[in-house]
Amino acid sequence: MAVPTPPGAPSDAHAAAPQSAGTQPAPSASSAVPGRRAFLATGAGAALAAAGAAGYFLHQPGNDRRLVFATLHDAMGEAERLNAASVHALEPATAWTWAQTLVHCAQSIEYSLQGFPSPKSALFQNTLGAAAFKVFTLRGRMSHNLAEPIPGAPALDAQTTDASAAMARLRQAVQDFALHTGALQPHFAYGALTRAQYEQAHAMHLANHLSAFEGRG
């Protein structure tokens, strides 16, 4: 793939042309060092950001059921099944309780209607975030760190054991999403999504978290 010419750099045609009389001499190597250092620093920062994003988005927990759902309705069917059973976390797939997981999933849906509290930069959303969402949609499921809270969201109380209240909140969030007719807010990582894309994102998010639990009895 061709690499675009950096702003201010000479084109191939200019680079090949002989230098005519009166042309200013090229900058010395020493004067180009600051620009080169800045470029290297920027590249290093981008590499670190990419590595961090890959660790978050491509995290694959152990003992994962790898569920796949096409719609929120299908995902909620599994959530209801687990909630009605004796639900158990699959270690080490997740460190969160069932109630914490339900609240986290509800938060994600609520924020798609209200706006995420601490979104990533537009640059992140349009590059790494968009690329991650494309990978997830192509394979039909997502994988991310199941212990990573939504940036800026209220902390999940580890002592919360009221699964009934958490499940009620998730049901309400799904219903509110289904009835919502206005604009949807950009995802904190993926950026702007259509309604169909958002439903797929929510279904994949639920599938990823529900995969870390099983119902017994």
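A: Start with burial: a residue is buried under 20% relative accessible area, exposed over 50%, and partly exposed in between (1.4 Å probe, protein chains only). The model is predicted, so local features need pLDDT of at least 70, side-chain atom pairs count only at pLDDT 80 or more, and totals for chains, interfaces and linings use all residues. Residues are numbered from 1 along each chain as its sequence is written, and side-chain values use heavy atoms, with hydrogens and water left out.

The part to look at is helix H4, residues 98–114. Helices here are DSSP runs (H or I, at least four residues), and strands are too (E, at least two), numbered from the N terminus. H4 is mostly covered, with 16 of its 17 residues buried. Its end C-alpha atoms are 24 Å apart. Just after H4 comes Gly 115, which takes a positive phi of about 110 degrees.

Now zoom in on one residue. Gln 100 lies in H4. Gln 100 is buried, because its relative accessible area is 7%. Leave aside its neighbours within four places in sequence, and Gln 100 is in contact (heavy atoms within 4.5 Å) with Leu 156, Asp 157 and Ala 158.

Next, a packing partner. Two packed helices are described by the angle between their axes and the distance between the axes. Axes are lines fitted to C-alpha atoms, for helices over the stretch in contact, and angles run from 0 to 180 degrees between N-to-C directions. The axes of H4 and helix H7 (residues 195–210) come within 11 Å and cross at roughly 170 degrees. That makes H4 roughly antiparallel to H7 (over 145 degrees; under 35 is roughly parallel, 65 to 115 roughly perpendicular and the rest oblique). H4 brings Trp 98, Thr 101, His 104, Cys 105, Ser 108, Ile 109 and Ser 112 to the contact. H7 brings Tyr 198, His 202, His 205, Leu 206, His 209 and Leu 210. Six of the contact residues are nonpolar, seven are polar and none is charged. Here Ala, Val, Leu, Ile, Met, Phe, Trp, Tyr, Cys and Pro count as nonpolar, Asp, Glu, Lys and Arg as charged, and the others, Gly among them, as polar.

H7 also meets helix H5 (residues 122–139), with axes that come within 11 Å and cross at roughly 75 degrees. That makes H5 roughly perpendicular to H7. In this contact, Phe 133, Phe 136 and Thr 137 of H5 meet Gln 197, Gln 200, Ala 201 and Met 204 of H7.

Side chains of opposite charge can pair when their charged atoms come close. In a salt bridge, a side-chain nitrogen of Lys or Arg is within 4 Å of a carboxyl oxygen of Asp or Glu. The structure holds four salt bridges. One of them joins the side chains of Arg 169 and Glu 110, at 2.9 Å from N to O. The pair links distant parts of the chain: Arg 169 is in helix H6 (residues 163–179) and Glu 110 in H4, 59 residues apart. Glu 110 is buried, since its relative accessible area is 16%. Arg 169, at 34%, is partly exposed.

Note on methods
The expected span of a helix is 1.5 Å times one less than its number of residues.
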